[in-house]
Amino acid sequence: MLTVQQLSKTIDRQQVLEDIDFTVDSGEIIALVGRNGAGKTTLLRTMVGIIRPDKGDVRYGPSSIFEKAELKRDVIFVPDSADALKHYTINEAAALYESIYPSFNRSIFRETLTRYNIDNKKIRQLSKGQKAMVTLSLAFAVQAKYYLLDEPTDGLDVVAKSDVLKLMIAQVEARNCSIIVSSHQLHELERIADRIIMIEKGRVKAIMSLEEARETSVKLQVVFNDQVPVELLERKDIEIINVTGRVALFMAKERTKELDTFVDAHDPMLVEEIPMSLEDIFRVQLGGEASVF
Amino acid sequence: MLYKIDMKSAEPLYEQIVNQTKALVIRGILRPGDKVMSVRELATDLVINPNTVSKAYQELERLGLLEMHRGRGTFVSEDWIDQDSPRAPILEAIKKLAIDCHYANIELTEALTLFETEYKKVGENHADSTATE
């Protein structure tokens with residue numbers, strides 16, 4: 001298990017990370033979501049030991065990454081651009097990885113490249129999508145336990161994006177590794193993430209499982225025979241979106257039996273469950289302040 | 001593609017897979033003894049989290065609809081009967097349908113005939129698939 005404990009970092013007198021706390025289990029895909037400048041990249045770089053935090057720790061199992069350098073072989077950070085490798089050919093890059101990581105498996109790497117029809121060229125000659133596939137394939141061929149991917153889908157077309165996501169899914173399924181992947185667009189990751197960590201101004205704003213939220217939260221449109229009952233409007237466990245005549249539209253963070261009984265008792269003509277958008281889920285989970293999107 | 005994942009639906013993803021698998025079996029598109037996609041295949045195909053697919057498969061196994069055979073894959077059970085099929089959502093859907101029919105000026109007799117036709121269509125397919133056992 002990976003544990004991030006009270007991680008804080010100030011760069012140029014600006015607090016970039018503030019008391020970040022979370023854990024990641026093996027086989028989990030975590031989406032790290034936040035606006036540009038929220039601190040996503042700094043967090044990932046700190047988690048892999050590139051940046052030293054002012055306070056806090058990052059532990060992989062029982063050991064801290066800042067104390068035990070060998071851990072870095074099992075934690076791979078993939079930056080958002082392949083710039084560092086651009087003068088290498090693909091084979092040279094593979095040789096470099098092989099010299100750094102003893103567990104690098106060349107045949108796995110070759111296999112992935114063949115599947116996506118990528119020939120041995122200089123990395124700067126590749127398309128953006130191909131670059132992304134090469135850097136990810138290099139990283140995955142190491143067969144590490146933890147992967148920290150910085151915006152791997154940024155700027156890619158739909159097909160390349162889907163290839164990248166599929167590569168990630170196959171890795172997690174095949175080897176039960178964990179992936180923490182950042183993006184400023186939640187929509188790209190909502191399908192594949194077990195949990196979402198929202199980060200804003202260097203702080204964790206919310207950690208949630210979308211699947212769980214979808215199971216517990218509800219958005220209801222209720223048409224009453226008579227007026228919308230005042231007792232409904234006064235309930236603390238729901239958020240009223242609007243009331244038009246005899247129709248009330250509201251969301252509840254948790255759909256309780258009591259709520260259903262309450263609605264039923266007020267003689268509704270129609271109770272309809274309305275699909276919740278991502279924005280709805282965030283709004284109801286965070287309590288009316290999801291201004292992030 | 002047999003599955004359609006709707007991110008906008010209120011239904012959790014794993015439930016969508018569970019329900020759609022049930023529907024595929026009831027409609028005879030998946031038949032008893034058929035091999036279904038592995039967790040990885042379905043997850044990469046749909047581009048969704050493999051844990052979500054696992055959860056759905058576990059639920060389907062619990063319901064007796066799927067059987068996992070180590071090393072061979074996952075198969076549709078030979079003797080699955082939809083016992084705990086939830087009636088509540090069906091009654092709910094019928095309620096809504098009744099209202100829609102009213103608005104569309106569809107008389108009760110016509111609505112019943114339409115329903116009967118559809119019901120029989122599904123029944124035929126279902127009967128076909130069970131007859132081949």
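Here is a short chat about the two chains of a predicted model.

Trainee: Before I dig in, what are the ground rules here?
Mentor: It's a predicted model, where local features need pLDDT of at least 70, side-chain atom pairs count only at pLDDT 80 or more, and totals for chains, interfaces and linings use all residues. Residues are numbered from 1 along each chain as its sequence is written, chains are lettered from A and ligands numbered from 1 in the order in which they are written, and side-chain values use heavy atoms, with hydrogens and water left out.

Trainee: OK, how many residues of chain B are in contact with chain A?
Mentor: 25 residues of chain B, and they meet 26 residues of chain A. Contact means heavy atoms within 4.5 Å.

Trainee: And what area is buried between chain B and chain A?
Mentor: About 2100 Å², with carbon and sulfur atoms giving 55%. Buried area is the accessible area (1.4 Å probe) that two parts lose on being put together, summed over both.

Trainee: How many salt bridges are there between chain B and chain A?
Mentor: The count is 2, where a salt bridge needs a side-chain nitrogen of Lys or Arg within 4 Å of a carboxyl oxygen of Asp or Glu. One salt bridge joins the side chains of A:Glu215 and B:Lys55, at 3.2 Å from N to O.

Trainee: Which elements of chain B give two or more residues to the side touching chain A?
Mentor: Helices H1 (13-26), H2 (39-46), H3 (50-62) and H4 (87-103) of chain B. Helices here are DSSP runs of H or I with at least four residues, strands are E runs of at least two, and both are numbered from the N terminus.

Trainee: Which one gives the largest share?
Mentor: H2(B), with 6 residues.

Trainee: Switching topic, what's in chain A in terms of helices and strands?
Mentor: Chain A has 10 helices and 14 strands, and its C-alpha trace spans about 75 × 45 × 30 Å along the principal axes.

Trainee: Back to chain B: where is B:Ser77 found?
Mentor: In the loop between strand E3 (73-76) and H4 of chain B.

Trainee: Is B:Ser77 buried or exposed?
Mentor: Buried, at a relative accessible area of 3%; buried means under 20%, exposed over 50% and partly exposed in between, using a 1.4 Å probe and protein chains only.

Trainee: What does the side chain of B:Ser77 reach?
Mentor: The backbone oxygen of B:Gly64, at 2.8 Å. Leaving out residues up to four places away in sequence, B:Ser77 touches several others, among them B:Pro32, B:Gly33 and B:Leu65.

Methods:
A polar contact is a pair of N or O atoms within 3.5 Å; within protein, one must be able to donate a hydrogen and the other to accept it, and residues adjacent in sequence count only if both atoms are side-chain atoms.
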